[in-house]
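I opened my notebook beside the model and looked things up one by one. Here are my entries, in the order I made them.

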Amino acid sequence: MIHIENLHKRFGKNQVLSGVDLNIENGGIYAILGPNGSGKTTLIKSILGMVIPNQGNISVLGQNAVNSWRYRQQIDYLPQIANFPSNIRVKELVRMIKDLRQKDSNEKKLIALFKLEPFLNKKLGTLSGGTKQKVNLVLTFMFDSPLMILDEPTTGLDPASLIQLKKLIQEEKANGKTLLITTHIMQFVEEVADEVIYLLEGQIFFKGTIDDLKKKTGQADVEHAIAAIATETRDA
Amino acid sequence: MLKILKYSFYDLMRSRWSYVYFLFYLVLGFVLLFLNNDLSKAVITLMNIIIVLVPLIGTIFGVMYYYNSKEFTELLLAQPLKRSTIFLGQYFGVAGSLTLSLVLGLGIPFILYGLFRSDAIFNFVLLLVIGAFLTLIFTALAFNIALSNENKIKGFGYAVLLWLFLAVIYDGLFLLSLIIFEEYPLDTFSLAATMFNPIDLSRTLILLKLDISALLGYTGAVFKKFFGTDLGLIVSLAVLLLWTVLPVQRLAFKAKRKDF
């Protein structure tokens, strides 16, 4: 599904990714973890082609992803903070994205699921953070693409919506899709992720199942296991 | 690209500023015609305003639009769209709506006054063509500056400085060099120096087409010999076209290599 080889990215003097090698197979939920500034978002944006790597190869679904764009037809991306243009209405935004992608979509079901009907005619600038995130989720989940990339999907969601989101994620997995998720909420990781990819200082420090991670660190729960990695490497 | 252009264009058409700009030209056109009572004179006055104002508005709108639509741009970047499509679409959306405001705002009063029955029509059309070129050129320059500067304040500052340089300072330096080197033949130099500034080029082109070059003395005669002919007109328009194409090319080139 995704194949990354020796990926390097530098912003000015700041080396963010230094030689990432990653293979992601078809199907399943992968959680990308790591401390702040470890390069999670940069890695995701490289896969999406929004960040252009200094060195290395990325291929998505067998297509080269560097300086190309057609492969994005196969990806649904949920950006980190829902930064939408503030002067357009929810309905218009949904229509616009549909028009740009020219794919079948099931936004009606999602709008009902997240109870967004009262907001359809409101401008995006007037919505609260959580509501924006729901709109963001609708825009991402309304298309049927084999790869989904979710950057901090839980931000600002209330418990009821969080449950809906987890259900949606499981449904997509059952449909055979591949999902990449970044988050800082370990409980969420434990509930949904099949595999964990831990980024540290621009490299992949650990890749495997949650049980492997617990075994490796000798901790009983994920939160402590992740914290253990961070302190272990700091001591070393 | 047409879809992005459409959305940017609609977005601007819905904003208040496009109407303010349009109404400004509408009022300006009516007032000038009312005060001058003569189409040709109105065209000359209009030229003086257009040559300074159009670049300024193009610059400011271009920079403002780029920074304001940053979020929207990021949303588009994750969609299956080519990068140059996104940025050129936005650019032509902005430049197109500004040009439309200019052409309609000035066109309506002049047509109502009886433009089609007068012989000033060629000069008026030339004025609008040049106004359109200046919009395209300065919006492209503004987009370039905004794309190269993450910091809004810096980008805005550079853009306004560029306008100030081309609209005011360049002329001063030009004049100064003519005075310093007055003992040398300067015809070719001044001709070349005019070509390097789209504002000067536009001004000279209109002035000479309006047949008031007699006021300009010997250099005016040289200029008249060059710009007054059809060849001069074609060369000047070609240079204006070059001034448009080069920044647009750089825009597409830079957009391809930027990280978001």
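**Entry 1: a serine in a loop**

I began with A:Ser38, which sits in the loop between strand 3 (28-33) and helix 1 (40-48) of chain A. A:Ser38 is buried, as its relative accessible area is 4%. My cut-offs are under 20% relative accessible area for buried, over 50% for exposed and partly exposed in between, with a 1.4 Å probe and protein chains only.

**Entry 2: ground rules**

I noted that this is a predicted model, where local features need pLDDT of at least 70 and side-chain atom pairs count only at pLDDT 80 or more, while totals for chains, interfaces and linings use all residues. Residues are numbered from 1 along each chain as its sequence is written, chains are lettered from A and ligands numbered from 1 in the order in which they are written, and side-chain values use heavy atoms, with hydrogens and water left out.

**Entry 3: chain A as a whole**

I found eight helices and 10 strands in chain A. Its radius of gyration is 18 Å, close to the 18 Å from the globule rule for 236 residues, so chain A is as compact as a globular protein of that length. The radius is taken over C-alpha atoms, and the rule is 2.2 Å times the number of residues to the power 0.38. Along the principal axes, the C-alpha atoms of chain A fill a box of roughly 55 × 40 × 35 Å. Of its 236 residues, 51% count as buried.

**Entry 4: two loop residues with positive phi**

A:Leu61 is not a glycine, but I read a positive phi of about 50 degrees for it. A:Leu61 is in the loop between strand 4 (55-60) and strand 5 of chain A, and is partly exposed at 32% relative accessible area. A:Asn67, also not a glycine, has a positive phi of about 60 degrees. I placed A:Asn67 in the loop between strand 5 and strand 6 of chain A, where it counts as exposed at 60% relative accessibility.

**Entry 5: salt bridges**

How many salt bridges are there over all chains? I get 17, counting a side-chain nitrogen of Lys or Arg within 4 Å of a carboxyl oxygen of Asp or Glu.

A:Glu171 and A:Lys109 form one of them, at 3.9 Å from N to O. This pair links distant parts of the chain, with A:Glu171 in helix 5 (residues 159-174) and A:Lys109 in helix 3 (residues 107-113) of chain A, 62 residues apart. A:Glu171 is partly exposed at 40% relative accessibility, and A:Lys109 is partly exposed at 46%.

A:Lys207 and A:Glu195 form another, at 3.4 Å from N to O. Here A:Lys207 belongs to strand 10 (residues 203-209) and A:Glu195 to strand 9 (residues 195-200) of chain A, 12 residues apart.

B:Asp200 is buried at 5% relative accessible area, whereas B:Arg203 is partly exposed at 21%. I also noted a network in which salt bridges that share partners join A:Asp99, B:Lys3 and B:Lys6.

**Entry 6: chain B as a whole**

Chain B has 11 helices and zero strands. Its radius of gyration is 19 Å, close to the 18 Å that the globule rule gives for 260 residues, so chain B is as compact as a globular protein of that length. Of those 260 residues, 52% count as buried.

**Entry 7: a surface patch**

I ended on a nonpolar surface patch of about 1,100 Å², whose members include B:Tyr158, B:Leu161, B:Phe165 and B:Tyr184. Patch residues have over 30% relative accessible area and no salt bridge; nonpolar side chains (Val, Leu, Ile, Met, Phe, Trp, Tyr) are joined within 5 Å, and like charges within 9 Å. The areas come from the Shrake-Rupley method with a 1.4 Å probe, and for residues only the protein chains shown count as cover. B:Leu161 lies in helix 7 (residues 152-180) of chain B.

Methods. Helices (H or I, at least four residues) and strands (E, at least two) are DSSP runs, numbered from the N terminus.
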